[in-house]
Amino acid sequence: WFPHKEPFGASDQPPSLYYPGEAALGLIYLYESFKMQGRDELAAVYLEGAAKGLEALANEREDWEEEAIPLDHWALKATARILGHLPEARHDKLLKHAAKVIRMMHDRDLERIGMNDKLGLSSMGTVLEAQFAMLPIFHEKRSYYDNVDQAWCLAQKVAFLLCEAQDQDKPAHMLGGLPH
């Protein structure tokens, strides 16, 4: 399910919405682990695999309409984590892809908050993971995503609602639900 396979290049397997981002994050964790152990040559293989996988996702989705791009929180968490390990020259494509995904997440959350029946704790939690990973980066690199302040404000409000939903002093039938 990963979009790039060494030594063959692009994968011909059916596309997956979320597994590639999750796989890239796993490869980054392996890179970091081997790097800490001083196994730099092996670590480099995992870093390059993760980078090529994320770049392949960005390339594949580059010309897609924004509404068609999956809200892949795993890819955003992986992107946020890998940027510190890659040379600046490899950041642009990954940041443009991440900005498209964040924009879709933000727009979808604005819509869902207005329609209470579409709210879901799990999906909102995963969106927050991605936003809290990428928005600090976009705060520093505003040319990629110009709506940082509004998105950050919304993410903080949603995080508050999710925390409030877990208040143990509520009646049992309300635990886990979002207040309306």
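Predicted model: local features only at pLDDT ≥ 70, side-chain atom pairs only at ≥ 80, totals over all residues.

Biologist: Where does aspartate 72 lie?

Modeller: In the loop between α2 and α3.

Biologist: Buried or exposed, that aspartate 72?

Modeller: Buried. Its relative accessible area is 0%, and buried means under 20%.

Biologist: OK, step back. How many helices and strands are in the chain?

Modeller: The chain has 6 helices and 2 strands. Their order from the N terminus is β-β-α-α-α-α-α-α.

Biologist: What share of the residues counts as buried?

Modeller: 41% of the 180 residues.

Biologist: And what about contacts across the sequence?

Modeller: Take contacts between residues at least 6 apart in sequence. Of those, 62% join residues at least 24 apart.

Biologist: Back to α3. How many of its residues are buried?

Modeller: 7 of its 10 residues, so α3 is mostly covered. The buried ones are His73, Ala75, Leu76, Lys77, Ala78, Thr79 and Ile82.

Biologist: What angle do α2 and α3 make?

Modeller: About 130 degrees, with the axes 11 Å apart. α2 spans residues 40–61 and α3 spans residues 73–82. That angle makes α2 oblique to α3. The crossing is left-handed.

Biologist: Which residues make that contact?

Modeller: From α2, Leu47, Ala50, Ala51, Leu54 and Leu57. From α3, Ala75, Ala78, Thr79 and Ile82. By class, that is 8 nonpolar, 1 polar and no charged.

Biologist: Now α1 and α3. At what angle do their axes cross?

Modeller: Roughly 30 degrees, and the axes come within 7 Å. Here α1 is residues 19–36. So α1 is roughly parallel to α3, since angles under 35 degrees count that way. This crossing is left-handed too.

Biologist: Which residues meet there?

Modeller: On the α1 side, Gly21, Glu22, Ala24, Leu25, Ile28, Tyr29 and Glu32. On the α3 side, Trp74, Ala75, Lys77, Ala78, Arg81 and Ile82.

Biologist: How does that contact of α1 with α3 divide by class?

Modeller: It has 8 nonpolar, 1 polar and 4 charged residues. The α2 contact has no charged ones.

Biologist: New topic. Which helix holds histidine 91?

Modeller: α4, residues 91–114. Histidine 91 counts as buried, at 7% relative accessibility.

Biologist: What does histidine 91 touch?

Modeller: Leu83, Leu86 and Lys141. That leaves out residues up to four places away in sequence.

Biologist: Last one: glutamine 156. Where is it found?

Modeller: In α6, which covers residues 148–165.

Biologist: And how accessible is glutamine 156?

Modeller: Partly exposed, at 42% relative accessibility.

Biologist: How far is its C-alpha atom from that of phenylalanine 132?

Modeller: The C-alpha atoms of glutamine 156 and phenylalanine 132 are separated by 9.0 Å. Along the chain, the two residues are 24 residues apart.

Note on methods. Residues numbered from 1 in each chain as written. Heavy atoms only, no water. Axes fitted to C-alpha atoms, helices over the stretch in contact; angles between N-to-C directions. Helix = DSSP H or I, 4+ residues; strand = E, 2+ residues; numbered from the N terminus. Parallel < 35°, antiparallel > 145°, perpendicular 65-115°, else oblique. Left-handed = near helix turned anticlockwise from the far one by under 90°. Contact = heavy atoms within 4.5 Å. Nonpolar A, V, L, I, M, F, W, Y, C, P; charged D, E, K, R; others polar. Buried < 20%, exposed > 50% of the residue type's maximum accessible area, 1.4 Å probe, protein only.
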